[in-house]
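Please read the following report alongside the sequence and the three-dimensional structure.

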Amino acid sequence: MTALDALAERVRRELELTAYPRPQWLTSRQHDGEPVVDVLIVGGGQAGLTVAFALKRRAITNTVILESAPAGAEGPWTTYAAMHTLRTPKGLTGPDQGLPALTPESWYRAAHGDDAWEAIQFIPKEHWQDYLVWFRAATEPRMRNDVAVTGIRDAGDGVLEVSHTGGRTFARRVVLATGMAGNGEWSVPPVIRAALPPQRYVHTGAPVDFRRFAGQRVGVLGGGASAFDYGASALEHGAASVDLFYRRAQVPRVNPFRWMEFYALGAHFPDLPDEDKWKFTVQFARTNQPPPQQTWYRCTRWDTFAWHTAADWSAVRMDGDEIVVRAGADEFRFDAVISGTGPNVDLAARPELRDLAGRVAVWADRFTAPAGWEDNSLLGYPYLGPGFEFTERDRGSAPWLSRVHDFTYGARLSMGLNGNMNSGLGAGGRRLADALSRALFLEDRHRLFASYQDYDVAELVDLGRPADRVGMS
C-alpha cells in the first residue's frame, strides 16, 4: 500500500469516526416534473470543493457542482497562474474543514515525503492542483465538468432555475464559487483598451503563451504579485526588457494578509458593524500587499527588469508599430503590454448573473463612508447578508435573491477573507455551510415537525424483567 493509499484509508476512517449524526434529514423535491437539488454550486475549484464537503459534513448531500473547465483544470493553478508557488504559508488549512487526514500537509507528506514538506516554505502551485484533484476523489462530490452556467432566475415555489450549457437544473439554493473574477471580469483599463489593438496586450487573468514576448520590450501596468509573475515569465521566455509601473509612490513592504490570518477574524469579520468592515477593507487597499520575496528576486535578477513608482499611465498611443506610454513626466516605448490590474466588480458582466445584476444591493445603496475613509472603488461591491446571500436593492422586490450565495472574491467587503481566498476557506466554508443548513432547516420546519410527530420506532422493545430472559440471572 502506498502512502497516498494509506492516507485515503485514513480519510475514510476519520469520516466514519466523525459522521454522527448520520440521518439524511432533507427529502427530495420536484419542480415542473424535474428533480430539485438542495444546493447547486457554480465552480469546482478550491472554494466549490470546500463548500460541497462542508455540506456533506452536515448531511446535506443532494448537491451538485457545475464547472466550466475540464476535469483536472479547475481554477487558475495550471491554467493562467504564473507564480511558482502559493503565497499563503504552507500550514494553511481550510478545504479539510477540520478533518486531519484531508489537510494539505497530510497530503503533501504522503505524496512527496516528510523531507520535502520540511524543505518547502510555500506549496508549489502544481502540487496544490494535485492536492485539489486528490481532495475531489477523497470527498466524492457530485460534479459535472465542461458545463458553463448561463443564467439564474426565480422559478417560484422557493426554487431557482439554473440554465447552463447542459440544459437546466432546479435548485433550492445556489452558491457562486467562481473565483477572483466571480463578480465581474478581468478588467483592462480604458487607457489601454481604447488605444491598442487586442493582440498587443494581455491581462494577468488569462492564459498566455509567454513565448510571444521573445525579443520584445514589455510594459507591465500594476504592482501586484500577478503583475510581477507575468513580467518574470516574459523575461524567462526571452523578453528583451520588462518595465513595471506602480501607481503608488513606494513599493509595499508589509503584507497585511499575514496579520489577518487568524481564525477569529475569518469567523467573525461578517459580524462587524458596516463601518468597521469598510475601514478594514479601505486600510487594506491603502497598504496592499507586496509581491513575495522570491517573486521580487525572480524579476530583479534580470538586469533588463526595471520598476517605476508614482507612475500611473496617463496616456497610451500607437506610433507606427510602437506602443507609447505616458507615465508621470516620462514616455516609454514598448512592443507589448501586460495589464496586471486585477478583476472588476460588475455583476452584469457575468452571463450567469445578468438577471440579478440590477436587483442586487451594493454598498453604495446601504452605506456612506465616514470622512477620511472614502473609496469609490468599493461602492459597487455587493452588500451581502450574514450567510453570503445577496440582498435586494429595493426591499421586497426580489426576495429570491437571498437564495443565491456569493462565495467569491467579490464577498470580501461584506465577509472579509472568507470569500475565495485560501486563508478564508476554513472559517468561510463553515459559515456558509451553517447558513445553508439553517435556511434549509427553517424552510422544512413544518415537514420536519410532521415527521417528528409520525416517528414511531420503539427503543424499549421488552417490558419483561431481566430474570424472564433466557440466559439472564
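## The antiparallel sheet

Strand β13 (residues 322–327) pairs with β14 in the antiparallel sense over five bridges, where helices (H or I, at least four residues) and strands (E, at least two) are DSSP runs numbered from the N terminus, and two strands pair if DSSP finds at least two bridges between them. Within this pairing, A327 stands opposite D330 in β14. The model is predicted, so local features need pLDDT of at least 70 and side-chain atom pairs count only at pLDDT 80 or more, whereas totals for chains, interfaces and linings use all residues. Residues are numbered from 1 along each chain as its sequence is written, and side-chain values use heavy atoms, with hydrogens and water left out.

The two strands belong to an open sheet of three strands in the order β12-β13-β14, with antiparallel pairing. Its edge strands are β12 (313–319) and β14 (330–334), each of which pairs on one side only. Neighbouring strands of this sheet are turned by 25 degrees against each other on average, direction ignored; axes here are lines fitted to C-alpha atoms, for helices over the stretch in contact, and angles run from 0 to 180 degrees between N-to-C directions.

## The parallel sheet

A further open sheet is formed by five strands in the order β8-β15-β9-β10-β11, and its pairing is parallel. Because β8 and β11 stand at the edges, each with a single partner strand, one side of each is left without a neighbour in the sheet.

On its other pairing, β9 meets β10 in the parallel sense over five bridges, and R217 stands opposite S241 in β10. Along β15, A336 and I338 point one way while V337 and S339 point the other way, and all are buried, a term that means under 20% relative accessible area, with exposed being over 50% and partly exposed in between (1.4 Å probe, protein chains only).

Helix α7 (residues 225–236) has 12 residues and reaches 16 Å from its first C-alpha to its last, close to the 16 Å expected at 1.5 Å a residue, the expected span being 1.5 Å times one less than the number of residues. Since 10 of the 12 residues of α7 are buried, the helix is largely enclosed by the rest of the structure; among the buried residues are F228, D229, Y230 and L235. After α7 comes G238, whose phi is positive, near 100 degrees.

The buried residues of α7 pack against β8 (201–203), β9 (217–221), β10 (241–245), α11 (293–300), β11 (305–308) and β15 (336–339), with contact meaning heavy atoms within 4.5 Å. Together, β9, α7 and β10 make a right-handed β-α-β unit; a crossover is right-handed if, with the strands pointing away from the viewer, the path from the first strand over the helix to the second runs clockwise.

## V218 in strand β9

Strand β9 is mostly covered, with four of its five residues buried, and V218 has its place in this strand. With a relative accessible area of 0%, V218 is buried. Not counting residues up to four places away in sequence, V218 touches F213, A239, S241, V242, D243, F334, A336 and I338. By contrast, V218 and Y131 are 87 residues apart in sequence and 34 Å apart in space, C-alpha to C-alpha.

## The nonpolar cores

A nonpolar core is a set of buried Ala, Val, Leu, Ile, Met, Phe, Trp, Tyr and Cys residues joined through side-chain atoms within 4.5 Å. Of the 73 residues in the largest such core, L40, I41, W134, I152, V174, L356 and F390 touch the most other members. Helix α2 (residues 46–56) gives the most to this core, with seven residues. Leaving aside its neighbours within four places in sequence, W134 is in contact with L4, L7, V11, A101, L102 and W107. Apart from this core lies another, of 23 residues, among them F210, V220, Y246 and I338.
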